[in-house]
Every structure is written in structure tokens, then in C-alpha cells.
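Good morning, and thank you for coming. Please look at the display while I take you through it.

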Amino acid sequence: MPEGSARYDSTRVAWEQIWDQSTIELELEAVRYERAQEIIRAYLPFLSKGELHLEAGSGLSAVVISLRALGYNVLGLDYAQNALRDSRRFDSTLPLTGGDVHCLPYRDECFGSYLSFGVLEHFEEGMLPALAEAYRVIKPDGILVLTIPYPNVVYRAVQLKRRLTGAGQLTNDEFYESAYTCGQLIDIVSQAGFQDIHAEPTSHSFTLWGLGGMFRKPGYYRTNALAESLGTVLKRGLPWAFNFSTLIIARK
């Protein structure tokens, strides 16, 4: 388990700082963006309203709040205590727990699904230890829903520039983040024991947002109409070249 390592602790502190700079209202607004709704529409048919679900790495709880509003029984877990505190201030009834995704405080096979959005790429030892815990707490025939950054053409260009200039792979020595190809993701998820793995490229417009102002709209990580339109074209024509994150849906 990585808890207690220097990079683990510094990454957790970095996330606490990130959540201090945001608000639940902004995060809820982002969940309503089309790129987020596209992901929700893809995995929601796999979730049962009769089951208990876990979002591991729930941050400011925007997904927990949004899915509970739709009638899904979702719990949240995070290691950023300030995010949990702010979430409880927003809604004291939210079922939230402080904890580590590598050592979940839940019994075996108690959840209908395990949801993880942009979390498991932040651990230096890789995704497999956390996925093993996910597998443990998911019921037989339950669902894993996972999004992970993809090394698209922009990511690769940035990495090449850093290598050529002698910089390290990480943009911040205290904040760990990685990206995985589709093949790497499928292999790791399979190693954890999951099957019936579906992989889908998502959020192409957000890759364009990262290129700068011509694709940005004022607001919280908002993409403009040009980014949305071009993102749709890229998803159809070059689905993996400009894929910002890969959505994985798999079954135990």
C-alpha cells in the first residue's frame, strides 16, 4: 500500500490544494457539460438502482450528488479530508467516507459497481493494487467503471518536448500522474480479474481545450462551440489520436 510514501503524500496534498481552489457548485456545473454527460450516458445503463454503488476518489462529490439525484444509491470515498468536509457542508446527508482506494473500509462483495473517474493514474506503483481492491468489494457480476487519461498526440508532443529539453516526465515532481493506452488499460483490468471489457475514447473536446484560447469558453474548464464541433468530428474520424480519457466498463 502506498500510503506514507513521499510521492503518495505530496499527491494527496496537491489534491487538497486543487479542491481548495474549486467549489462544489463549479464541479456540479462541470458534470453538466456535454463531455461529462456523454460519459454518464455510456455507463448509466450498466448501473442498477437496486444496488449500492461506490465512487472511489469522489473529491467534492459532484458525481455522487448527481447520481443520487437520479435515484442511484451512491457512496463516496476520498483521501482528501477538506473535500469530504466541504461536501458534508453542502449536504450533511451525503454518505461519505475518508479512506484509501488501496485499502477500502468495506467488506467483500458489497457493491453493485465501483466508479473511478481520473483517480488511479495518480499512483506511482500503478493501477493494479487499487483495481484488486475494487474487485474485492464488487459483487459477482458487478460493474467497474473507470476513466483514465490517454497518451494522445498532444500528450506525446509535450512528453517529447520535455525529453528534448532534459526535463523529467512529470510536470510537477510532487504530483504524480500517468496515462495509459487502450491496450495497457485492457491488460491491467484483465489482470485484476475483470472480464467483458469495453473501452471507449472520450472527451476529445477537452484535449482541444488544452491547446489554448481558441477552443476555450470563459468559465470552469469550459470548451466553446468550435471545440465541441471539432471534438465530435475527431471522435468519429480519429477516435484515439485526440482521445483525452478512456472509459472502461467491465464486469466481475
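I begin with helix H10, which runs over residues 225–237. H10 has 13 residues and reaches 18 Å from its first C-alpha to its last, close to the 18 Å expected at 1.5 Å a residue. Please keep in mind throughout that this is a predicted model.

Which residues of H10 are buried? They are Ala 227, Gly 231 and Leu 234. Seen down the axis of H10, the buried residues fall within an arc of 65°, so they line one face of the helix. The buried residues of H10 pack against helix H9, at 204–209, and strand E8, at 222–223. On the face turned away from that buried side, H10 carries the exposed residues Ala 225, Arg 236 and Gly 237. At the start of H10, Asn 224 places a side-chain oxygen within 3.2 Å of the backbone nitrogen of Leu 226.

Let us now follow the chain into the loop between H10 and E9, where Asn 243 lies. Is Asn 243 buried or exposed? Asn 243 is buried, with a relative accessible area of 0%. Leaving aside residues up to four places away in sequence, Asn 243 touches Tyr 150, Asn 152, Pro 201, Thr 202, His 204 and Thr 207. A polar atom of the Asn 243 side chain also lies 3.1 Å from the backbone nitrogen of Ser 245.

Ser 245 itself belongs to strand E9, residues 245–251. Ser 245 has a relative accessible area of 8%, and it counts as buried because that is under 20%. With sequence neighbours up to four places away again left out, the residues that Ser 245 touches include Thr 147, Ile 148, Glu 200 and Ser 203. For a sense of distance, Ser 245 and Lys 139 are 106 residues apart in sequence and 26 Å apart in space, from C-alpha to C-alpha.

In H6, residues 128–137, the buried residues are Ala 130, Leu 131, Glu 133, Ala 134 and Val 137. They cover an arc of only 155° around the axis, which puts them on the same side of H6. Their packing partners are strand E4 at 111–117, strand E5 at 138–149 and helix H8 at 182–191.

Two backbone angles are also worth noting. Ser 61, although not a glycine, has a positive phi of about 70°. Ser 61 is placed in the loop between strand E1 and helix H4, and at 0% relative accessibility it counts as buried. Glu 109 likewise has a positive phi, near 50°. Glu 109 is found in the loop between strand E3 and E4, and it is partly exposed, with a relative accessible area of 39%.

Finally, the chain as a whole. Its secondary structure comes to 10 helices and nine strands. A compact globule of 252 residues would have a radius of gyration near 18 Å, and the chain agrees, at 18 Å. Buried residues make up 52% of the chain. Of the contacts with a separation of 6 or more, 72% are between residues 24 or more positions apart. The chain exposes about 11,800 Å², of which carbon and sulfur atoms supply 54%.

Methods
Residues numbered from 1 in each chain as written. Predicted model: local features only at pLDDT ≥ 70, side-chain atom pairs only at ≥ 80, totals over all residues. Heavy atoms only, no water. Helix = DSSP H or I, 4+ residues; strand = E, 2+ residues; numbered from the N terminus. Buried < 20%, exposed > 50% of the residue type's maximum accessible area, 1.4 Å probe, protein only. Contact = heavy atoms within 4.5 Å. Expected span 1.5 Å × (residues − 1). Arc of directions from axis to C-beta. Polar contact = N/O pair within 3.5 Å; in protein donor to acceptor, adjacent residues only side chain to side chain. Rg over C-alpha atoms; globule rule 2.2 N^0.38 Å. Areas by Shrake-Rupley, 256 points an atom, 1.4 Å probe, with all protein chains shown as cover.
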